[in-house]
Amino acid sequence: ELTGELKLTLTNEGGNVTQEVVVPNTVVTVGKNFIASRMNTTTTTMSHVELGTGTTGAAAGNTALETVISGSRTALTSTTVTNNAVAYVVTFPAGTGTGAVTEAGIFNAASGGTMLARTTFAVINKGTDDTVSISWTITVS
């Protein structure tokens, strides 16, 4: 069983945390297939997170975000494996991923690629000067 949790923190230009959200995610079918393929081959690793404004709940059949915020796909700043969990961390700086953010996905490429997981959440209004940090943990149990 694969489960996940996304922690999203919105910080204003003064460095003050203005909103924080913690939500479960859906590990999608293509993500599960990707994990299974890692047991047999060397494929690219998960490397990016993308933000969007879609509001339809995550489903196992998802392969992309519902409504991408243009230019929001951002490279991970770190990946840490601890026992049966992988933690992905990314920061969207001022000017990146601006808008009414309601969904996020983890991908293995700067564009296109395979999506590992997707989640939706209550709106996070990211202004141009705001920063969003995400810590996303996927657990295999």
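**View A. Elements lining the largest pocket of the predicted model.** In this predicted model, α1 (29-37), β6 (78-82), β7 (85-92) and β10 (131-140) each contribute at least two residues to the lining of the largest pocket. Helices (H or I, at least four residues) and strands (E, at least two) are DSSP runs, numbered from the N terminus. The largest share, three residues, belongs to β7. A pocket is an open set of points on a 1 Å grid over the protein atoms alone, where a 1.4 Å probe fits, with protein on both sides within 12 Å along at least five of seven lines; lining residues have an atom within 4 Å of a point. Of the 17 lining residues, Phe34, Ile35, Arg38, Val86 and Tyr88 lie nearest the centre.

**View B. The salt bridge between Arg73 and Glu50**. A salt bridge places a side-chain nitrogen of Lys or Arg within 4 Å of a carboxyl oxygen of Asp or Glu. Here the closest N and O atoms are 3.2 Å apart. Arg73 lies in the loop between β4 (48-52) and β5 (74-75), and Glu50 in strand β4, 23 residues apart.

**View C. The network of Glu66, Glu103 and Arg118**. Salt bridges with shared partners join these three residues. The closest N and O atoms are 3.9 Å apart for Glu66 and Arg118, and 2.8 Å apart for Glu103 and Arg118. Glu103 lies in strand β8 (residues 99-107) and Arg118 in strand β9, so this pair ties together parts 15 residues apart in sequence.

**Notes.** Residues are numbered from 1 along each chain as its sequence is written. Local features need pLDDT of at least 70, side-chain atom pairs count only at pLDDT 80 or more, totals for chains, interfaces and linings use all residues, and side-chain values use heavy atoms, leaving out hydrogens and water.
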